[in-house]
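Have a look at the model below, and keep it open while you read. We will walk through it together.

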Amino acid sequence: MPFDDTEGDGWGKCILRSKKAVGSSDAFVQYDFDLPQKDFVLPLQLGQKLTLCCLDEDNNVAKGEFYLFSPRDTKGSFSIVAPCGQIEKADLLLGKDNAKFANVLENELRVGDEVAVKPGPKTLYYNGQYWPVTDIVFLVYGSGIIPIIDQVKSVLPSSSSTSVKSASVTWVNSDSDAFDLAVSQLESEFYKYNQKLDVSCCLAILLNTNRGLEDYPDIEQSIPNFSPGTMAVISGPSEFSEKASAYLQSSRNYPMDCICTLPP
C-alpha cells in the first residue's frame, strides 16, 4: 500500500467498515477497516504496530498505535481490537494515548468515517549475546496475546527461516471469559505444532495489586529457567510487564538483554 510522503509524514487512509464485540465477555471490540484498494496490503514487519490518527468531536487529534488483529498479509482490509467501556480501564491496559484513541473509536467514530494510517514502531528485538535463538518464552497478559499469535505463527513453521525450535506461551487473565479473545487461534497453533509449542492459560490478579507472578503456582510451573539460546517476550499492560521482567531476572535467571518487552 502506498503512503503519501509529500510532507514527510507518510500517511495513508482507510475507512471504518464495522464494529463488533469479541468474545463472550464483551470486554473488547473488533474494528474492521477497508483500505483504498482491494489488493493493498499494509507493509508491516513481525512485531510492528500500525499508527492510526483521526479527529475527535472537538477537533482534537487522537492518535493510537495498535498491533493488527487480522493477519499481516490480508489484502484490502485490516482489523484491530481495543477494550471497551471506561477509559480508565483502557488507560490501564493500553496507556494514555492508545486509551484516548480507543475511546474515540468506540464512542465517536462512525462506520464510513475516514482514518489516517501509517506503519508504526517496530517493537520486536533481541539484544542478547546467545545466538542463535532456539527457544522463545512468551509471557502475556490480556490483549497482549494479539501480537503473540502472529509471532507464534511466524516462527514455528518448518518453512520458517528462523532458528526457533520450540516456544511456550503463558497467557494470564483475571477473568476466564477474557480468554475468548484469541483462545481458538492459540488452540489452532497448538494442534499444528504440539511437539514444538506449550500453552498455559492461567487465572491471576496481577494489576493494581502487590501480588506477583511468584504468588501463582500455575504461572511458576509454566515458565522455564533461562538457558543460552532462550529469548523471552513479554506482552501486556505496563504494570504486568514490569512484574514479569523482574520475575524472569530474579527468579529464572534471564539476562535483561534476552528479554523483549512489547509496548501495550
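We begin with the core, then turn to one helix and end with the cysteines.

This is a predicted model, in which local features need pLDDT of at least 70 and side-chain atom pairs count only at pLDDT 80 or more, while totals for chains, interfaces and linings use all residues. Residues are numbered from 1 along each chain as its sequence is written, and side-chain values use heavy atoms, with hydrogens and water left out.

In soluble globular proteins, nonpolar side chains tend to be buried together. A nonpolar core here is a set of buried Ala, Val, Leu, Ile, Met, Phe, Trp, Tyr and Cys residues joined through side-chain atoms within 4.5 Å; buried means under 20% relative accessible area (1.4 Å probe, protein chains only). The largest such core has 83 residues, and Phe-78 is among those with the most contacts inside it. Beyond its neighbours within four places in sequence, Phe-78 is in contact (heavy atoms within 4.5 Å) with residues including Tyr-31, Phe-33, Leu-52 and Val-117.

Next comes helix H6, residues 238-251; helices (H or I, at least four residues) and strands (E, at least two) are DSSP runs, numbered from the N terminus. Its buried residues include Phe-240, Ala-244, Tyr-247 and Leu-248. They pack against strands E7, E10 and E11 and helix H5. After H6 comes Asn-253, with a positive phi near 65 degrees.

How many disulfides (cysteine sulfur atoms within 2.5 Å) does the structure hold? There are 0. For Cys-54, the nearest cysteine sulfur, that of Cys-53, is 6.6 Å away. Cys-54 counts as buried, at 9% relative accessibility.

Definitions and conventions:
A disulfide is a pair of cysteine sulfur atoms within 2.5 Å. Buried means under 20% relative accessible area, exposed over 50%, partly exposed in between (1.4 Å probe, protein chains only). The expected span of a helix is 1.5 Å times one less than its number of residues.
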